[in-house]
Amino acid sequence: MQINFYRVRIPFLRPFTTSFGTEEYREALLFRISHEGIDAYSESVTSVIPDYGYEDNTTAMHVIRDLAAKYIADLPDPATFMERVKGIKGHNMAKAALEMLLWDYHSKASNQPLYRYLGKSRGYANVGISIGMAKIEDMEDQIEKALSLGYKRIKVKIARGRENIVKEIRDSFPDIPLSVDANGDYGAADIPRLKDLDRYDLEYIEQPFPGDDLIYHSKLKKEISTPICLDESITSADKALKAFDIGAADVINIKPGRIGGFSESLKVAEIARENGGHVWVGGMLETGIGRAFNIAFASLEMVDYPGDTSPNEKYFGKDIVLNPFKMKNGIIEPYHDAGIGVRIDEGALIRYMVEAGTISV
Ligand code: OSB
Ligand code: MG
């Protein structure tokens, strides 16, 4: 069998700024297998630089091409594939790209939409928006627009020393469901600074401390009344269990790419809900392919909070799918066709392509 891969570079409509930097475009790795009339796709959530986590497009290509691709040659079920790659430590994003390719393949082979194939779905995803740091007037314009489009929760990026963003936004929008995401920019000495955020009635503070931390999150949680949401820190079901065990989290942002795919993400969602926590699905500025996976997962009944699954017109002038998702009244319905349900726009794929190749397995 053969896996096709495509590296595409799609410019953003506006730069996206987080505490770790500014991105001007999305450089995505896309994968495709074709077998007995079925075309299955996936996307790696890595980017050019290892800023969000330690993986990037180069390490993902290495792990996929040189180590892991051979384990999907017989199209195993996703859980079997994950057993086979246990000997490769970490590299969840690379593994997830192959694991999710198998989810699309198997849901298509059984002629079911992925969101049904996955588990109990409510049939739609509740949608929030993630707004990058910018001039405050610019952020407020974006929030205004998002509210008029019906988004159910507004999340804004913050960084250490830029807490004024929260004050300004709360002053202008006293009643909206609002959260902040620090992408790990704070340290243990900043606990008083973070406690100050309690006055803004936030839904949660996302990832105040770096991804490798659970201890300070647990310390903070004892001192603050705003709920704590973990993103980068939760890379497995085991980490989720530990986070709830030591009281480090109230909410988990599930990104299937970060957690090594859907099989493990399903376990994380179960653990969170069994421990009284809440769950939503995050995003990594994916193309329509990655978004389709996120929206399928976000439609699960277990996922009880609105996620960062805004339709791609927020980021891209033109996506690589023919049927990009549309949001109505703050919800997005997955497509009812088999698998991820999005169809590839081959012309757009070629226009955005910077590299393509095959991996024989
Ligand atoms: O922390 O949630 C994050 C984008 C890149 C890296 C990290 C994050 C994000 C987002 C984007 O917040 C959310 C989206 O894809 O719409
Ligand atoms: Mg985050």
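User: Before we start, what are the ground rules here?

Analyst: This is a predicted model, where local features need pLDDT of at least 70, side-chain atom pairs count only at pLDDT 80 or more, and totals for chains, interfaces and linings use all residues. Residues are numbered from 1 along each chain as its sequence is written, chains are lettered from A and ligands numbered from 1 in the order in which they are written, and side-chain values use heavy atoms, with hydrogens and water left out.

User: Which parts of the chain does the pair Glu 206 and Asp 231 tie together?

Analyst: Glu 206 belongs to strand β8 (residues 205-206), while Asp 231 is in the loop between β9 (228-230) and α9 (237-245), so the pair links parts 25 residues apart in sequence. Helices (H or I, at least four residues) and strands (E, at least two) are DSSP runs, numbered from the N terminus.

User: Why is Glu 206 called buried?

Analyst: Buried means under 20% relative accessible area, exposed over 50%, and partly exposed in between (1.4 Å probe, protein chains only). Glu 206 has 0%, so it counts as buried; Asp 231 is buried too, at 0%. By contrast, Gly 317 is at 66%, so it is exposed.

User: How do you know that Glu 206 makes a polar contact with Lys 155?

Analyst: A polar contact is a pair of N or O atoms within 3.5 Å; within protein, one must be able to donate a hydrogen and the other to accept it, and residues adjacent in sequence count only if both atoms are side-chain atoms. The side chains of Glu 206 and Lys 155 are joined at 3.0 Å, and those of Glu 206 and Asn 253 at 2.9 Å, so both distances fall within the cut-off.

User: Which side chains have a polar atom by an oxygen atom of ligand 1?

Analyst: Among them are Asn 183 at 2.8 Å, Asp 231 at 3.1 Å and Lys 255 at 2.9 Å. Asp 231 also coordinates the magnesium ion (ligand 2).

Notes. Donors = N, O, S within 2.8 Å, 3.2 Å for Na, K, Ca; no water.
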